[in-house]
Every structure is written in C-alpha cells, then in structure tokens.
Amino acid sequence: MPHLLHLDSSADLATSRSRAVTASFADAWRARGDDHTVTYRDLHTDPLPHLAHAELHWAAADRKPGIPLPPEQERIMETIQAELLAADVVVIGAPLYNYTVPSTLKVWIDNVHVPGVLAGEGSRPMAGRHAVVVSSRGATYDTGTPTEGWDHGVPVLQIVLGASLGMQVHLVQTSATLADRLPDLAALRERSEAELAAAHAAARELATTL
C-alpha cells in the first residue's frame, strides 16, 4: 500500500500556512483510496529530544567504544528512522524561522541523517523516493533583492533529503505570509494570497501524481 509520512513543525497551531498546505496534500493523498495510508507526526506538539551525545550522529558500528548512550533515545531514533523507511512519500511542513528550519524539525533531521544507516555511500534506502517540502516564509527572498539567499531552511532540506539521502525533493513554497500583519509588508498582501492558493493547488497536484 502506498504510504505517506506527514510531518508538521510550525509552532502556530491555528493559522499556520505550512500546516494548511501539508493538510491539503494529506487530504488529497487519502482521497486516492483506502490503500493510501498516512503516518502523522507533529514535531511541535510532540517534540523529539535533542541528541544526548555526538556519537548518536553515527551508526552503532561506527561509534567510539565505551561511551554510555541513553537506551531510550536510541529507541526513539529507531522509531523515527522506521517511520521514514516505511514511507513511499514524505511531506514536510517547514516554516522559515530566523532564516532556517524550526529547531523541532532540525532534531528530526538529526535522527534520520545518520551515515551508515540512511545516508552515505551504499546506505541510502530512501534513494528515489519522494519528499515534498512545504516552505512558508514571512517575507520574500527574490533574486536580485537585498534578502536574496537569506533562506537557509530550504537548502538544508534539499541537501539532507536530496543530496545525502537520495530522495527526489519537490518544493512547494508560499511567501509574504506576514503581509497581513506587518505594515512594511502590506503591499504584498495580494501576492501573499496568490502564492498560498498556488501552494495548495501544487500540493494537491503532487499528492495525486506521486
């Protein structure tokens, strides 16, 4: 059965655009039939613990000997990795917080980006599978503007999921999400709403074709 792993990380549980767009994806996925199943994990309401030791960044066989590691955290890592391995498609809500991914999403990355397990030469079981990154950004980062290149969230996910894990990464993006809140961005309200509508449409299209 085709299986989706649905991850959210926004701290806004009421009006988050990344949450809304990932929900559109998941709804369209389920609409394909009862055989299209979903595992959902909310990284904000049920945050993962930060890695207790640097050796947890490595596969068990590659760790330095004699270092005691928390068994519970190793079990959590195994669970998170198993959730990813079970997924044919992953959709990730990734709002831009201080120009990068939320800390809760970064911890998830730390749990799955393990050389010798899911990453690295000869250890890429996720290679070829699809990852949909839903990026919501409060401002804009257009080419040629002073803020070009300030988005350090999307590149992290493209590198980890794409270059390292070998997944096919699809980007769905909506910008100027703060246009209805910040006076300096008020002129971008029309663009903001248009990008949100386009993001919902793109998410639904990907959910019906991947």
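Are F25 and W29 buried or exposed? F25 is buried, and W29 is buried too, where buried stands for under 20% relative accessible area, exposed for over 50% and partly exposed for what falls in between, with a 1.4 Å probe and protein chains only. Before going on, bear in mind that this is a predicted model, in which local features need pLDDT of at least 70 and side-chain atom pairs count only at pLDDT 80 or more, while totals for chains, interfaces and linings use all residues. Residues are numbered from 1 along each chain as its sequence is written, and side-chain values use heavy atoms, with hydrogens and water left out.

Back to those rings. A search of the whole structure turns up two aromatic pairs; rings of Phe, Tyr and Trp (its six-membered ring) pair if their centres lie within 6.5 Å, and planes under 30 degrees apart count as stacked, over 60 as edge-to-face and the rest as tilted. F25 and W29 make a stacked pair, with 6.5 Å centre to centre and 15 degrees between the planes. Both sit in helix α1 (residues 17–30), four residues apart, or about one turn of the helix. Helices (H or I, at least four residues) and strands (E, at least two) are DSSP runs, numbered from the N terminus.

Y99 lies in the loop between β3 (89–95) and α3 (103–112), and W150 in the loop between β4 (130–136) and α4 (153–164), so the pair ties together parts 51 residues apart in sequence. Y99 is partly exposed at 38% relative accessible area, and W150 is partly exposed at 39%.

Most residues other than glycine have a negative phi. N98, however, has a positive phi near 50 degrees, and Y99 has a positive one near 75 degrees. N98 belongs to this loop and is exposed, with a relative accessible area of 72%.

Now for the helices on either side of these loops. In helix α3 you'll find D110, which counts as buried at 15% relative accessibility. Its side chain meets that of K106 in a polar contact of 2.8 Å (a pair of N or O atoms within 3.5 Å; within protein, one must be able to donate a hydrogen and the other to accept it, and residues adjacent in sequence count only if both atoms are side-chain atoms). Over in helix α4 is V156, partly exposed at 27%.

Last stop, the largest pocket. It is lined by 20 residues, and D12, Y97, G138, T177 and L178 lie nearest its centre. On a 1 Å grid over the protein atoms alone, a pocket is an open set of points where a 1.4 Å probe fits, with protein on both sides within 12 Å along at least five of seven lines, and lining residues have an atom within 4 Å of a point.
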